[in-house]
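User: I have a model open and want to go through a few parts of it with you. Can we start with one of the sheets?

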Amino acid sequence: MRWESDGSGEFSVETVGKAGRGTDVILHLRTRRAGAAGGEEGAADEDQGFDDLLSRWKLESIVRRYSDHISLPIRMRKEQWDAGAKQMRTTDDWETVNQASALWARPRSEITDEQYRAFYKHLSHGDDEPLAWTHNRVEGRTEYTQLLYLPSRAPFDLWDRQRRSGVRLYVRRVFIMEDAEQLLPAWLRFVRGVIDSADLPLNVSREILQESRDVRAIREGCTKRVLSLLEEMAGARADDYAKFWSEFGQVVKEGIGEDQANRERIARLLRFASTVSEDDAQSTSLADYVGRMKEGQKRIWYITADTPAAARSSPHLEVFRKKGVEVLLLTDRVDEWMLSFFDQYEGHELASVARGGLDLDALEDEAEKAASKQAAEEFAGLLASIREALGDAVKEVRVTNRLTDSAACLVSDEGEISGHLERLLKQAGQKAPPRKPILEINPQHPLLARARADTERIADWSRLLLDQAVLAEGGQLDDPVAFVRRMNAMLVAPPLAPEAPASTA
C-alpha cells in the first residue's frame, strides 16, 4: 500500500508491491520556505531553503529532542571523516542515536540516587545538585508519571513571571513541549522535571492544555506532590529547607494569594525573621510563633519594613520588647501583597504593630489602661494644639502606650495602607491610595514636656515630632532643608526660663 500527498490536504492511496517487510516513510523537502515571494527576497529564501534538515547533526538533534525516550531504538548510518575527500562520508554501519529508554518509566527501586541526580543535570543543563525529588506513577481517572525536582539554586530569571516553567511534557514518552506552564501554578515555576501522560493526544497544543480536564487533574496532583515534598523537607531536613527558603521563599509566598485551595498548607511552610532570633535569618514558622505566644496573647504580631535592621529599631516595637512579646519581621517586597490575602492562621489574627489602636488583650493590666486614660485627659490641650499646628498633614493626634523610649510614631488607621506599602507603590511608579497617618505621642518623653511648656513655638515642636516620626518609620521628608533649619534653630534657642515660685505673702 502506498500513500502519497503533496501537503496541500489531498492524498492518494494505491496498492503496490513491496519486496521486504516494514514501512518506508520518504519525505521531500521544499526548495524554499513556505510563502516565499519572488525577487531578491525569494532568492534569499531559496538559497537558505531546508538544506539544514538534511544534515546529520540536525536530524540527530531532532531525534534526541523529541524521541530520545521512546522504547524503540532509532538508528542512523554512521559518518566518518574521509581524509582524501576532506569531508564526512556515510558508511554502511548503523548506530542508535536515541537512548531508547525513559528513566521516569522505570520503577523507583531500580533507580539509584546517582542516576536521579544525573538526569536532573541533563534537564537543567547545569552542574548543580537537586535538593530533593519526587517520582510517582499516578493511576485512576488520569494516568501519568511525574518526576519533579527542587533545585538548589534560583535561576537568574526567577522573577520574570512570563518565564516558562521548567517542566517538560511527554505523551507516552514522546516529547511534546519544553515549557508546559499549565502543568504547575506560577508560584511553583522553580520546579524542574518531567510529566509523562498516557491520556493526552500526541498533537496536544497550548489551547488544549488550557481546556483539558486531564491537565487540570495533573496540575492539582503535581502541586500536592510538591507541597508534600516541601513539608517532608521542612520537618526532617531543616538545613536543606533553610537553603531552599533562602533561594525560593519569596516565590512560595506568592502562593498565598494565587492558590486559595492550598493556602493553609502553604502557610505552614512560611518562614520569617523574628525578634527572638539574634540573626536576620528567616527561620521562624507560624507554628513556632504560636507555640511561643504569651499567656493571654491572641494575635500574631508582625512589622513590615525595608530591612531587618529598620524593623528591629522601629519605635513600634518598644512596648513589645518591654513585655517580651515576639514580633515577626517581614522585610520582603512581596510581604505586603501577601498580607492582603492572609489575615489569620489557625484562629489567630495576624496584626500589624503599626496599624490602628494598640490592643494588647490580656497582656495589658488595668493599671496600665488607667494610666493611659489619665494621660490622654492630662495632655488633651497639647494634643489639640499639635493637631491644629499640623493641619491636614495628619488624621489624628493621640496619646499612645506603644512607645517607651521614642517621643512619637506614625500609625495607619484600620482599613488604610501602611506607610511601607505606600513607599513601595511609589517606588514602583504606581499611584498609592490617599493616606493620612495618625501621630501618636509618648507623654512620658522629655521632649513632650518641653513642647508642653514652650507654647510660643508649639508649631515648630509639632512639625519636629512629625518629621522625626516619618524618619523613624523609614519615610522621606517632603522638605528636608526645612527640617534641618528648624532643628538647628531649636538647638541654639535659649532655654526656657524657670517658672517663678508662687507668692506666700
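Analyst: Fine. This is a predicted model. β15 and β17 pair in the parallel sense, over four bridges. Within that pair, V399 stands opposite I441 of β17.

User: And how do β16 and β17 run, parallel or antiparallel?

Analyst: β16 and β17 run antiparallel and are joined by four bridges. A408 is the residue that stands opposite I441 on that side.

User: What order do the strands come in?

Analyst: The order is β15-β17-β16, three strands in an open sheet with mixed pairing. β15 (396-399) and β16 (408-411) are the edges; each has a single partner strand, so one side of each is left without a neighbour in the sheet. From one strand to the next the twist averages 25°.

User: Which helix packs on the sheet?

Analyst: α13 does, touching β15 and β17. The direction of α13 makes about 155° with that of β15.

User: Which way do the β17 residues point?

Analyst: I438 and E440 point one way, L439 and I441 the other, and all of them are buried. In a regular strand the side chains alternate between the two faces of the sheet.

User: OK, helices. What are the buried residues of α15?

Analyst: In α15 (residues 446-453) they are L447, L448 and A451. They sit on the same side of the helix, because the arc they cover around the axis is only 95°. An α-helix has 3.6 residues a turn, so residues three or four places apart point the same way.

User: What do those pack against?

Analyst: The buried residues of α15 pack against α13 (380-390), β17 (438-441) and α16 (458-472).

User: And which exposed residues are on the face turned away?

Analyst: P446 and A453 are the exposed residues carried by the face of α15 turned away from its buried side.

User: Next, α5. How far apart are its end C-alpha atoms?

Analyst: They are 35 Å apart. α5 covers residues 213-236, and at 1.5 Å a residue its 24 residues should span 34 Å, so the two values agree.

User: What caps its N-terminal end?

Analyst: S212 does: one of its side-chain oxygens lies 3.2 Å from the backbone nitrogen of D214.

User: Which residues of α5 are buried, and what do they pack against?

Analyst: The buried residues are V215, A217, I218, G221, C222, T223, V226, L227, L229, L230 and M233. Their packing partners include the strands β5 (132-138), β6 (144-150) and β9 (192-197). The helices α4 (206-211), α6 (238-258) and α7 (263-269) are also packed against by the buried residues of α5.

User: What does its side chain make a polar contact with?

Analyst: The side chain of E336, at 2.8 Å. Leaving aside neighbours within four places in sequence, T304 is in contact with L330, E336, L339, S418 and H420.

User: And W3, buried or exposed?

Analyst: W3 is exposed, with a relative accessible area of 56%. W3 is found in strand β1 (residues 2-5). Not counting residues up to four places away in sequence, W3 touches F11, S12 and V13.

User: How far is W3 from W57?

Analyst: Their C-alpha atoms are separated by 29 Å, and the two residues are 54 residues apart along the chain.

Technical notes. Residues numbered from 1 in each chain as written. Predicted model: local features only at pLDDT ≥ 70, side-chain atom pairs only at ≥ 80, totals over all residues. Heavy atoms only, no water. Buried < 20%, exposed > 50% of the residue type's maximum accessible area, 1.4 Å probe, protein only. Helix = DSSP H or I, 4+ residues; strand = E, 2+ residues; numbered from the N terminus. Arc of directions from axis to C-beta. Contact = heavy atoms within 4.5 Å. Expected span 1.5 Å × (residues − 1). Polar contact = N/O pair within 3.5 Å; in protein donor to acceptor, adjacent residues only side chain to side chain. Pairing = 2+ DSSP bridges. Axes fitted to C-alpha atoms, helices over the stretch in contact; angles between N-to-C directions.
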